[in-house]
Amino acid sequence: MSDVLILAAFFLLGLFFFAGRLKKYAAIGGWTLIVINLFSEVTAYLNADNFLYPMLAFLSIPFLTITVRALLREDPVVLRLTKTAAVAMITYVPFAFIPALRDALIFSVVNQAFWIIHALGHHPQMPAWNIIAENGFANQIVLGCTGITAISMMAGVIAGVPGLSRRQGISALLIIVPLLYLLNLLRVAIVFIAVSDRWFRFFPDISPDRGLGATDFFWAHNVFAEAFAILALIAIVIGLSRLIPGLAVFARELWNLYTGSIRAFFGIGNA
């Protein structure tokens with residue numbers, strides 16, 4: 001079901017660029033499908049002890065409400081935000097649905113992460129082309145481990161900045177794409193080492209029935225790696241704001257729009 005929702009959102013957000021006066025309705029449809037897709041994955045994430053995405057699904061309800069209202073009045077800030085989402089989706093979907101692209105990216109990440117793990121003094125094995133194993137722990141690398149989601153999001157953010165010159169956009173991408181790719185390789189390698197070496201074996205075990213390494217994986221991947229990824233993206237956006245001043249303006253406009261709408265809902269100030 002998730003693939004159908006993603007493809008439908010991809011179609012509607014792509015249509016956003018060509019729908020003229022009807023683009024706000026294509027945008028509403030695209031955002032709605034993204035939120036529905038988030039909720040369709042909640043059970044799977046909870047079963048994997050991942051609480052970030054279920055929390056995002058919960059927060060997406062007020063986000064979608066504010067976004068739809070703003071789109072209906074053709075708010076320029078939310079139209080630019082929709083452009084951001086559209087570019088991110090267009091960047092991501094080919095890797096998700098074209099096996100040759102997906103497998104090539106996974107293969108690259110597996111081999112380079114394997115090299116980093118080995119360089120850090122470990123001796124992993126590769127029982128399959130997309131699996132790294134050591135000390136009884138085997139980690140299968142999937143598309144979500146490649147960093148393509150973060151890269152797509154940042155490509156969208158850059159494209160959504162108003163008044164962006166081609167030179168600024170290319171310069172930003174040449175900085176951001178390699179940086180995010182490298183940070184993701186380090187994330188994959190360090191999470192693997194943390195789990196295989198049982199760094200967090202003395203931490204509280206929230207999933208005692210999951211078997212060897214489950215506690216370490218929860219803390220390494222679902223807590224610390226997720227927190228690091230969020231902080232890294234925030235730091236990158238702040239850094240990009242120095243290269244592209246319009247990004248800071250865009251971020252402030254979005255902040256003011258959404259926080260203003262929330263304050264208005266609770267009777268504090270005006271939207």
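Trainee: Where in the chain is E74 found?

Mentor: Good place to start! This is a predicted model, in which local features need pLDDT of at least 70, side-chain atom pairs count only at pLDDT 80 or more, and totals for chains, interfaces and linings use all residues. Residues are numbered from 1 along each chain as its sequence is written, and side-chain values use heavy atoms, with hydrogens and water left out. Helices (H or I, at least four residues) and strands (E, at least two) are DSSP runs numbered from the N terminus, and E74 is found in the loop between α4 and α5 (76–97).

Trainee: Is E74 buried or partly exposed?

Mentor: Let's check the cut-offs: buried means under 20% relative accessible area, exposed over 50%, and partly exposed in between, using a 1.4 Å probe and protein chains only. The relative accessibility of E74 is 42%, so E74 counts as partly exposed.

Trainee: Which residues does E74 touch, leaving out those up to four places away in sequence?

Mentor: Contact means heavy atoms within 4.5 Å. With residues up to four places away in sequence left out, E74 touches R21, K24 and L79.

Trainee: How far apart are the C-alpha atoms of E74 and K24?

Mentor: Along the chain, these two residues are 50 residues apart.

Trainee: Is K24 buried or exposed?

Mentor: You will find K24 in helix α2 (residues 23–40). The relative accessible area of K24 is 13%, so K24 is buried.

Trainee: Which backbone oxygen does the side chain of K24 reach?

Mentor: Aside from its neighbours within four places in sequence, K24 is in contact with L71, L72 and E74. A polar contact is a pair of N or O atoms within 3.5 Å; within protein, one must be able to donate a hydrogen and the other to accept it, and residues adjacent in sequence count only if both atoms are side-chain atoms. For the side chain of K24, the distance is 3.4 Å, and the oxygen belongs to L72.

Trainee: What is the C-alpha to C-alpha distance between A113 and A189?

Mentor: A113 is found in helix α6 (residues 99–119), and with a relative accessible area of 0% A113 is buried. Beyond residues up to four places away in sequence, A113 touches I132, L185, V188 and A189. A113 and A189 are 76 residues apart in sequence, and their C-alpha distance is 5.4 Å.

Trainee: How many bridges join β1 to β2?

Mentor: Two strands pair if DSSP finds at least two bridges between them. β1 (residues 125–128) and β2 (residues 131–134) run antiparallel, forming a hairpin with two residues between them. A128 has I131 as its bridge partner in β2, and the number of bridges joining the strands is two.

Trainee: Over how many bridges do β2 and β3 pair?

Mentor: β2 and β3 form a hairpin too, with two residues between them. E134 stands opposite F137 in β3. The pairing of β2 and β3 is antiparallel, and the number of bridges is four.

Trainee: What is the phi of N135?

Mentor: N135 sits in the loop between β2 and β3 (137–140). Most residues other than glycine have a negative phi. N135 is not a glycine, yet its phi is positive, at about 55°.

Trainee: What phi does R198 have?

Mentor: R198 lies in the loop between α8 (166–196) and α9 (214–243). With 28% relative accessibility, R198 counts as partly exposed. R198 is a residue other than glycine, and its phi is positive, near 60°.
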